[in-house]
Amino acid sequence: MAVLDVSEALKSLTSTMESIEAVIDLDQLRADIAVLEDQAAAPSLWDDPEHAQRVTSRLSLLQGQLRKIEELRSRIEDVEILFELAETESDADARREAETDLDSVRKSVAELEVRTLLSGEYDQREAMISIRAEAGGVDAADFAEQLQRMYLRWAERRGYPTEVLDTSFAEEAGIKSTTFAVKAPYAYGTLSVEQGTHRMVRISPYDNQGRRQTSFAGVEVLPVVEQTDHIEVPENEIRVDVFRSSGPGGQSVNTTDSAVRITHLPTGIVVSCQNEKSQIQNRAAAMRVLQSRLLAHQRAQEQAKMDALKSEGGNSWGNQMRSYVLQPYQMVKDLRTEHEVGNPQAVLDGDIDDFLEAGIRWRKQREK
């Protein structure tokens, strides 16, 4: 990398940071933190636990944002000093170290820039993800399970807690459906671009003639409901059924009817939960999922009026959005952004950050 290239790279990073800081509004961010710190220090804070939780969570989130920006500013300055020292002393090793640091900082700045694009009403929230096997028989059930593993591995790499709320296993292999939560700030905004139909093409391990099989799985991403949403679910609008939890192959997980299925009668929305140990816990978890789906249903009704006016005929989130091809060649391609890679196994192991970034940028462009 020539000296001029380094100078241009550092100039570009500094310019990007200035744009990020302008969007975030550092003065307002610091003012918000000061207000929340005063509230958090109040002796009466925990008299209202729900309010206290909102205050402390919001404070932690904003402090983390400010700390990230300040750290990146400092790292850019450190990289510039490293290059100057390497150049002054003609130290090749120091220059290689500086180039490595520059690449790392560039990636961190790009991630922060993408985070600033998550400005939707619910983008800061945790995510509730549901995956269901669609066309393709046993291969679709196997694909659905691979997608679940992909998202759980992605969350694990980032240190994000997850909670599997319900899994319906298929008879031969894989799963019919699953619902799980990713418990991290901005999980919904980040993962919402994954919503839609995913397609896999491969030589089926379940076909004794070794034929190529195309299978499909649907991904739904919802924001986790908070108290401020006021999603009320009257008891007379739901039907609650209990049944016995079961695992792969029909093997009994427990000997009591602890699994819960809730049907919302006005909309026909059905949710279930069987991963908790008691019926009470499963009912509470199922209600959280139902509230998230009702929130999404409410938003969809409001959005439908606007979509009907669009020349493209409305929202296309439910359409096919990504292909995973394992045979006759190796490729994963996002059909909206055109982003593609040649290593499907890495993607299925949770390496989806580039797809998420491309999807977020694509969505932002469509909003303009």
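Q: What does Asp353 form a salt bridge with?
A: Asp353 pairs with Arg158, and their closest N and O atoms are 3.0 Å apart. A salt bridge here is a side-chain nitrogen of Lys or Arg within 4 Å of a carboxyl oxygen of Asp or Glu. This is a predicted model, in which local features need pLDDT of at least 70, side-chain atom pairs count only at pLDDT 80 or more, and totals for chains, interfaces and linings use all residues. Residues are numbered from 1 along each chain as its sequence is written, and side-chain values use heavy atoms, with hydrogens and water left out.

Q: Which parts of the chain does that pair link?
A: Distant ones: Asp353 lies in helix α9 (residues 353–367) and Arg158 in helix α5, 195 residues apart. Helices are DSSP runs of H or I with at least four residues, numbered from the N terminus.

Q: OK, what follows α5?
A: Gly159, with a positive phi near 75 degrees.

Q: Switching topic, what does Lys333 form a salt bridge with?
A: Glu338, with the closest N and O atoms 3.2 Å apart. Lys333 also meets Glu340 in a salt bridge, at 4.0 Å from N to O. Lys333 has a relative accessible area of 21%, Glu338 48% and Glu340 41%.

Q: How many salt bridges in the whole structure?
A: The search finds 25. Glu194, Arg322, Asp334 and Arg336 are linked in a network of them.

Methods
Helix = DSSP H or I, 4+ residues; strand = E, 2+ residues; numbered from the N terminus. Buried < 20%, exposed > 50% of the residue type's maximum accessible area, 1.4 Å probe, protein only.
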